[in-house]
Each structure stands twice: as structure tokens, then as C-alpha cells.
Amino acid sequence: MSQDKAIIFTSLQTKQNLKASNCTLIEGTDHGPLWCKTARLTCCTTTHRHGHGSFGNFASLSIAEKGDNKIELFAPSSAQLLKHPLAILSYVPKDAAIFLAGAIAGAAAKSVTAPLDRVKLLMQTHGVRAGQESAKKAIGFIEAMALIGKEEGIKGFWKGNLPQVIRIIPYSAVQLFAYDTYKKLFTGKDGKLSVVGRLAAGACAGMTSTFVTYPLDVLRLRLAVEPGCRTMSEIALNMLREEGVASFYYGLGPSLIGIAPYIAVNFCVFDLVKKSLPEKYRQTAQASLLTAVASAAFATLTCYPLDTIRRQMQMRGTPYNSVLDAFPGIIERDGIIGLYRGFLPNALKNLPNSSIRLTTFDMVKRLIAASEKEFQKIMEDNREKQGQNANI
């Protein structure tokens with residue numbers, strides 16, 4: 001029996017002598033490979049009665065675990081990993097890999113588009129900063145660039161970028177991780193995710209990541225547009241001393257309202273367009289990039305007015321107390337165009353920004369899947385070799 005047990009362990013197959021004993025080895029279908037910690041094997045026996053007694057046929061299966069819930073018996077050797085370096089990535093937890101990819105992509109995208117973001121913020125908040133007497137005075141794109149360059153020099157275009165980069169690391173990680181989690185949550189009993197489910201998953205992911213990182217966003221805005229403030233710590237201390245803890249969450253309501261439809265539309269359109277493409281195009285970086293640009297453009301056009309309201313409510317001395325107060329107030333002062341003030345630099349910033357993030361995320365997910373397949377192929381080869389040696 002011990003030999004049969006060893007062969008079952010290495011080949012994971014039901015042996016003929018066990019079938020003859022009415023004992024069946026069953027592998028479930030709702031888990032990963034049998035060497036994973038979620039694996040389950042079931043041994044079913046049939047009881048027979050003969051004459052005055054009864055007996056049940058018996059089979060035994062033993063699996064030994066070593067290390068961190070992994071079977072080291074089939075693990076790739078150092079030589080195999082050097083020959084197949086992609087398999088090394090499978091040792092990194094999937095969530096950690098997505099976190100790092102999203103963080104790096106987000107930080108790079110924010111740094112590249114920081115000048116446009118600074119110009120956009122200046123255009124959005126100029127009326128409030130200038131005071132109510134001159135609130136109707138708007139500032140144009142070229143004028144804003146010239147003003148920053150004249151007063152602060154080249155470095156002024158990246159003012160406030162550090163807290164934005166610090167913010168985007170947890171923001172990207174939480175948002176992308178939450179989106180995948182919420183998609184599983186909203187998947188129907190038939191295993192399919194509807195359009196409404198995708199929109200809900202994107203909205204919840206956007207609100208979750210915004211709520212977690214919102215204080216850093218307020219600090220970034222104050223550092224970018226308020227004169228006399230040089231560091232994040234100085235702004236934070238001034239806000240605590242003069243305005244209290246609640247100042248770190250000024251404008252949270254419109255932020256949640258604004259980010260929910262933006263991320264919902266952006267992620268949903270990206271997923272649906274990618275899904276509608278022919279199979280040979282889905283796996284290309286060019287298709288991911290173009291799809292991300294289209295989804296970001298559509299989401300930006302539809303959701304930008306809420307972002308303008310949010311920014312004006314975040315400013316010190318803002319005359320608005322709620323979204324319902326700010327919406328007609330901006331229209332009365334600047335007209336409908338006031339809701340889209342700074343749209344051009346925002347679009348120029350958001351299109352590459354969102355495209356880089358979504359494209360990188362999509363490519364990393366494919367890379368992770370490829371590394372897992374490579375790792376399992378090595379494990380399978382090692383398992384077959386072990387089985388052949390056991391049969392000798």
C-alpha cells in the first residue's frame with residue numbers, strides 16, 4: 001500500500017487497484033493545483049455486507065507540506081529558474097505585484113503631467129483666490145503658464161508634485177485592488193459581470209481610494225495654489241492650528257460624487273471595449289493604450305464639472321457650502337464655461353495619465369498570468385519526472 005500511496009502522491013491519479021476496491025480518488029474543480037493550500041482530495045469508499053459481517057474497503061493518501069504551505073518536492077530548482085526567469089515573478093504575491101506596478105506607473109504618469117496639472121489647478125481656482133470683487137476675471141491656459149514661469153520659474157510647474165506622487169502610490173494600489181475585489185463581489189450567480197456591475201465596481205473602487213488618500217490631495221492643492229507655503233508639514237500644521245482636522249476633508253462630498261462616475265465610466269468603458277475587440281488584438285499593448293485613451297477622454301468630458309466644484313470647495317475662504325450651492329454659483333458668475341475652466345490642460349494631463357495607468361495594469365496582469373503558467377509548467381514537468389522515477 002505504501003508504494004501505491006507514493007505513486008498517487010506524485011502522479012495525482014487514481015490507481016487501478018483502488019478502483020477495484022470501490023475506492024475513488026476525487027479532485028475538486030473549485031480550487032487551484034493540488035499542491036496549493038486550497039486543494040482538496042476526497043476518498044470515497046463503498047461498504048459491502050456479506051453474511052454475518054460487513055467491511056469497508058480502505059485507501060490512504062498522505063501529503064506532506066513544507067515551508068509556507070507549499071510542496072517543495074516539485075519546486076523549480078535554481079537552474080530551472082535561471083533558464084525560465086519569468087517564473088521567478090510567480091513567487092511575488094499577485095496583490096503585491098499589482099501594487100508595485102500601479103504605484104510606479106502612477107508616480108511616473110503624475111511626474112510627467114505635473115506641469116499641466118499645476119496650470120489646471122491655477123485656472124480652476126483663480127476666481128476664488130483673486131477674491132469675490134474680481135471673481136469674474138478668468139485666467140487662460142497660456143496666461144497661467146506665463147504666470148507660473150514668471151513668478152516661480154521652471155520648478156514652479158512641479159510645485160505640489162511630491163505629495164501627489166506620495167498620494168498616488170496608495171491611491172493606485174487601493175483603487176486597482178478594490179476594482180478587482182468589487183468586480184468579484186458584483187459578479188452574478190451565473191459567473192457573469194453585467195454593465196451595471198462593472199459601473200458599480202468602478203464607482204466603489206474610486207470612492208474607496210479617494211476616501212483613504214483625500215487628506216494628501218487637500219495638502220497637494222494647498223501647496224500648489226496658496227502663496228507663502230513651502231512644505232507639506234508647514235501646510236498641515238497651519239491647517240490643524242487654524243482650521244482643525246475637518247479641513248483635511250473639505251470638499252470630500254463632491255470628491256466622492258465626482259470620482260465615482262469618472263472611475264466607473266473609465267474602467268467600465270475600458271473593459272467593455274477591450275472585450276469587444278478580436279482576440280488577436282486584445283493582448284497587444286497598442287490596443288490597451290488606444291482603449292485607455294478613448295475611455296479616459298469620454299470619462300473626463302462627462303465628469304469634469306464635478307471636479308471644478310470640488311476644487312473650489314477645497315479652497316480657504318470658499319463661498320460654497322455644498323454641491324447644490326456651488327453648482328449654480330459658478331454658473332451665475334462664469335456661465336456654463338466656468339464648469340469647464342481648465343478642461344484643456346486637464347484633458348492633456350488625464351489622457352496620458354490614465355492611459356499609462358490602465359495600460360500598465362493590463363500588461364502587468366498578463367505578465368503575472370504568464371509567469372504563473374510558466375511556474376506551473378515547471379512544477380508539472382518535475383511532477384512527471386518524480387512519477388516516472390517512482391514507477392521504476
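The largest nonpolar core of this predicted model has 26 residues, and Tyr 262 and Phe 267 have the most contacts inside it. A nonpolar core here is a set of buried Ala, Val, Leu, Ile, Met, Phe, Trp, Tyr and Cys residues joined through side-chain atoms within 4.5 Å. Buried means under 20% relative accessible area, exposed over 50%, and partly exposed in between, with a 1.4 Å probe and protein chains only. Two or more residues each come from α4 (94–112), α7 (161–186), α8 (195–225), α10 (252–276), α12 (285–314) and α14 (343–391). Helices are DSSP runs (H or I, at least four residues), numbered from the N terminus.

Leaving aside neighbours within four places in sequence, Phe 267 is in contact (heavy atoms within 4.5 Å) with Gln 175, Leu 176, Tyr 179 and Leu 358.

Residues are numbered from 1 along each chain as its sequence is written. Local features need pLDDT of at least 70, side-chain atom pairs count only at pLDDT 80 or more, totals for chains, interfaces and linings use all residues, and side-chain values use heavy atoms, with hydrogens and water left out.

| Pair | Axes come within | Crossing angle |
|---|---|---|
| α8 and α9 (residues 232–242) | 10 Å | roughly 105° |
| α8 and α10 | 7 Å | roughly 135° |

Axes are lines fitted to C-alpha atoms, for helices over the stretch in contact, and angles run from 0 to 180 degrees between N-to-C directions. Angles under 35 degrees count as roughly parallel, over 145 as roughly antiparallel, 65 to 115 as roughly perpendicular and the rest as oblique. Helices α8 and α9 are therefore roughly perpendicular, whereas α8 is oblique to α10.

Toward α9, helix α8 uses Leu 216, Val 218, Leu 219, Arg 222 and Leu 223; α9 contributes Met 232, Ile 235, Ala 236 and Met 239. These residues divide into 8 nonpolar, no polar and 1 charged. The α8 contact with α10 has 15 nonpolar, 4 polar and 3 charged residues. Ala, Val, Leu, Ile, Met, Phe, Trp, Tyr, Cys and Pro count as nonpolar, Asp, Glu, Lys and Arg as charged, and the others, Gly among them, as polar.

Met 239 is found in helix α9 and counts as buried because its relative accessibility is 1%. Its C-alpha atom is separated by 9.2 Å from that of Leu 219, 20 residues apart along the chain. Beyond neighbours within four places in sequence, Met 239 is in contact with Val 218, Leu 219, Arg 222, Gly 244, Ser 247 and Phe 248.
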